[in-house]
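Q: Could you take me on a close look at one part of this structure, strand by strand and helix by helix? I'd like one connected walk-through.

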Amino acid sequence: MLLSIGILIALLVVAYLAFVNFYPSFGGDVSEERQKRYAFSPQFKDGTFKNTKDVPKEASFGEMLSIARKFFFQKVENGRPEIEPPLHKVDSLEIVSKTKGTQLIWFGHSAFLLQMRGKNVLIDPMLGAVPAPHPLLGANRFNKELPIAIEKLPKIDAVLISHDHYDHLDYESIKKLKDKVDRFYVPLGVGVHLEAWGVAKDKIEELDWWKETALDGLDFVCTPAQHFSGRKMNNGQSTLWASWVIKSETERIFFSGDSGYSTHFKEIGEAYGPFDFAMLECGQYNKMWPDIHMFPEETAQAGIDLRAETIMPIHWGGFKLALHSWTDPIERVTKKAKSLGIPLIAPEIGSMIELDLIKNQEVKQWW
């Protein structure tokens with residue numbers, strides 16, 4: 001019996017190692033040589049990236065089993081929509097014709113197409129069906145279709161990535177996008193995945209927190225977040241996670257990426273605010289991981305800290321990655337934003353968000 005169990009465990013280990021080493025969606029690994037290049041970063045210590053605060057605490061094996069058991073076996077009432085959420089289809093000509101003003105299209109979850117100063121910028125373009133290394137290892141997107149297929153997108157001037165988790169950085173999406181993208185802007189280390197997937201090194205720029213780069217009238221600032229990284233069991237925190245500030249001479253936009261609530265929102269607001277518009281994480285939270293994802297009430301407060309004129313909750317409406325109902329994030333953040341007096345928008349997936357028209361926009365409860 002013991003021999004049989006030992007053989008089974010050995011086979012599982014071999015199968016796992018073969019899977020992660022040969023299946024391309026896991027991405028690349030940060031080499032020791034590359035780690036030496038990150039030694040300058042205040043966030044990089046003892047071979048891994050760290051949050052400013054000592055979080056998240058590493059879960060014990062027992063805690064990990066408890067989380068896994070709850071996630072896979074606990075029934076969540078209204079965890080997924082009974083019917084597909086409304087979705088606006090976008091014509092490629094509609095995108096190309098938008099050459100003036102600033103507008104965004106939300107793909108659900110945290111993915112956006114931003115058009116600003118005549119540039120097309122994709123933000124966290126996870127446009128695949130399942131946020132996992134293999135389709136059998138995760139649940140499908142709420143909507144079967146996207147507002148527009150990747151193949152029909154126009155030339156993309158820049159892609160911004162917040163971190164390397166599967167619901168933000170998707171192998172299949174990058175594979176389809178890479179030949180129509182001019183530049184990829186990513187936090188330190190994330191470029192290793194892009195390179196593994198065939199993106200040319202000279203297209204990739206890695207940034208540390210508080211570092212800026214420019215592209216024809218647009219400035220991108222890599223700013224802090226409180227989260228973590230990793231695409232497999234042995235490369236946690238090997239790459240950095242971040243939020244992004246996007247600014248022109250006249251407009252300032254903030255994208256939170258994934259983050260727990262902390263003092264960095266106020267610091268970013270003081271350094272780069274006020275913001276015309278802030279896209280803020282609001283979903284996939286739980287009391288078991290309060291340091292790495294905000295609760296909806298904290299999302300609204302983060303908007304105040306950032307000095308944002310209008311906020312939009314993101315990281316919801318696309319996938320089920322936590323144990324709350326799929327509408328809990330938007331219901332709670334809407335209520336809190338109203339009590340704090342900060343304007344909030346909640347557009348349907350695929351609808352055009354025009355920056356000049358979002359102030360005091362009425363929230364339609366499409367969910």
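A: Let's start with a pair of residues: V221 has V245 as its bridge partner in β11. Keep in mind that this is a predicted model, where local features need pLDDT of at least 70 and side-chain atom pairs count only at pLDDT 80 or more, while totals for chains, interfaces and linings use all residues. Residues are numbered from 1 along each chain as its sequence is written, and side-chain values use heavy atoms, with hydrogens and water left out.

Strands here are DSSP runs of E with at least two residues, and helices are runs of H or I with at least four, numbered from the N terminus. Strand β11 covers residues 243–247, and five of its five residues are buried (under 20% relative accessible area; exposed is over 50%, partly exposed in between, with a 1.4 Å probe and protein chains only). S243, V245 and K247 point one way, W244 and I246 the other.

β11 has partners on record here: it pairs with β10 (residues 218–223) in the antiparallel sense over five bridges, and with β12 (residues 252–255), also antiparallel, over four. Two strands count as paired if DSSP finds at least two bridges between them. V245 stands opposite F254 in β12, and a hairpin of four residues joins β11 to β12.

Zoom out, and six strands make an open sheet with mixed pairing, ordered β9-β10-β11-β12-β13-β14. Its edge strands, each pairing on one side only, are β9 (211–215) and β14 (311–314). From one strand to the next, the twist averages 15°. β13 (residues 277–281) pairs with β14 in the parallel sense over four bridges, with M279 and M312 as bridge partners.

Now the helices. α8 (residues 296–306) lies across β12, β13 and β14, running at about 145° to β13; axes are lines fitted to C-alpha atoms, for helices over the stretch in contact, and angles run from 0 to 180 degrees between N-to-C directions. α7 (residues 264–272) packs on α8 at an angle of about 30°, axes 7 Å apart. That makes the two roughly parallel (under 35 degrees; over 145 is roughly antiparallel, 65 to 115 roughly perpendicular, the rest oblique). The contact (heavy atoms within 4.5 Å) is made by F265, K266, I268 and G269 of α7 and A302, D305 and L306 of α8.
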